[in-house]
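Thanks for coming. Please look at the sequence and the structure first, and then I will go through a few parts of the fold.

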Amino acid sequence: MFYLPILITNKLTVVYFPSIVSITATQSSRRKFVDSYAIPGSAKLKIQVSDNVILRPKNNGDLLLIVKIDGIHGTQQMKNVKIRARWYYWPEDTSQGRRFFRGLRELFLSDHSEDHYVECIDGKCKVRTFNEYQELNLVMDDDFFWRFQYLHTERKLTPESVEVFCICKTPLNPDLRMILCDGCQDWFHLYCINVSLEESTRISHYYGAC
């Protein structure tokens with residue numbers, strides 16, 4: 001039970017009430033955290049902590065909403081289940097915008113987290129590291145990659161710099177064809193050295209860009 005002080009005619013009177021309300025509020029605020037969860041009615045889609053998933057967009061034509069699951073929680077009976085979602089930002093979503101060396105499937109892992117109901121999940125996807133993505137023989141529709149983290153309150157990327165290549169001194173873009181110079185062992189964009197894609201297929205050893 002709990003006590004409620006009431007002031008009556010300049011005297012402080014203490015009355016008590018059953019603590020049902022207090023207990024109910026405490027219980028409802030407790031959340032149960034789990035490592036995995038099977039979403040009902042979603043073709044048996046099972047999600048786990050650390051999975052990357054696509055959220056249902058608000059409007060058709062919007063960029064895909066991709067998040068990393070940092071937690072799964074619900075009531076003690078696992079009702080009203082939500083995920084703690086850490087956002088992947090597209091380059092277009094940042095203050096830097098999209099630059100030509102950003103891959104078409106490049107995302108930034110951010111420090112921006114929100115809770116979303118599991119019913120908002122459209123499906124799973126794979127967000128790989130840059131090196132893992134480069135090693136793929138075939139890129140599927142659900143393949144993406146990241147190499148930068150985005151601090152959304154500070155509006156900046158980390159690390160602030162990465163290795164650059166070519167005469168244009170920019171980071172690698174896995175969507176752009178490059179050729180290795182056998183002289184300096186640096187990589188060069190075909191368009192930066194005026195070499196066509198057809199010409200590059202006939203070159204076994206390349207010198208001259210360095």
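I begin with a definition: rings of Phe, Tyr and Trp (its six-membered ring) pair if their centres lie within 6.5 Å, and planes under 30 degrees apart count as stacked, over 60 as edge-to-face and the rest as tilted. Ring pairs of this kind link Phe130, Tyr133 and Phe145 into a cluster.

Some housekeeping. This is a predicted model, in which local features need pLDDT of at least 70 and side-chain atom pairs count only at pLDDT 80 or more, while totals for chains, interfaces and linings use all residues. Residues are numbered from 1 along each chain as its sequence is written, and side-chain values use heavy atoms, with hydrogens and water left out.

How confident is the predictor, on average? The protein averages a pLDDT of 84, and 84% of the residues score at least 70; pLDDT is the predictor's confidence in each residue, from 0 to 100. Over residues 1-28 the pLDDT is below 50, and this stretch has 25 contacts in the model beyond near neighbours in sequence. Contact here means heavy atoms within 4.5 Å. Where pLDDT is low, the predicted coordinates should not be read in detail.

Now to strand β8. Helices (H or I, at least four residues) and strands (E, at least two) are DSSP runs, numbered from the N terminus. Buried means under 20% relative accessible area, exposed over 50%, and partly exposed in between, with a 1.4 Å probe and protein chains only.

Which strands does β8 pair with? Strand β7 (residues 65-74) pairs with β8 in the antiparallel sense over 6 bridges, and β8 pairs with strand β9 (residues 106-117), also antiparallel, over 7 bridges. Two strands pair if DSSP finds at least two bridges between them.

Ala85 sits in β8. Ala85 counts as buried because its relative accessibility is 0%. Beyond four places in sequence, its contacts are Val67, Lys68, His112, Ser113, Glu114 and His116.

His112, in turn, belongs to β9. Is His112 buried or exposed? His112 counts as buried because its relative accessibility is 19%. The side chains of His112 and Tyr89 are joined by a polar contact of 2.9 Å. A polar contact is a pair of N or O atoms within 3.5 Å; within protein, one must be able to donate a hydrogen and the other to accept it, and residues adjacent in sequence count only if both atoms are side-chain atoms.

Next, the nonpolar core, meaning a set of buried Ala, Val, Leu, Ile, Met, Phe, Trp, Tyr and Cys residues joined through side-chain atoms within 4.5 Å. The largest one has 22 residues, and those touching the most other members are Tyr37, Ile47, Val53, Ile72, Ile83, Val118 and Ile121. The largest share of this core, 4 residues, comes from β8. Apart from it lies another core, of 14 residues, including Phe145 and Leu172.

Last, the rings again. There are 6 aromatic pairs in the whole structure. Phe108 and Phe148 have ring centres 6.1 Å apart and planes at 85°, so this pair is edge-to-face. Phe108 is in strand β9 and Phe148 in strand β11, 40 residues apart. Phe130 and Phe145 make a tilted pair, 5.5 Å centre to centre with 50° between the planes.
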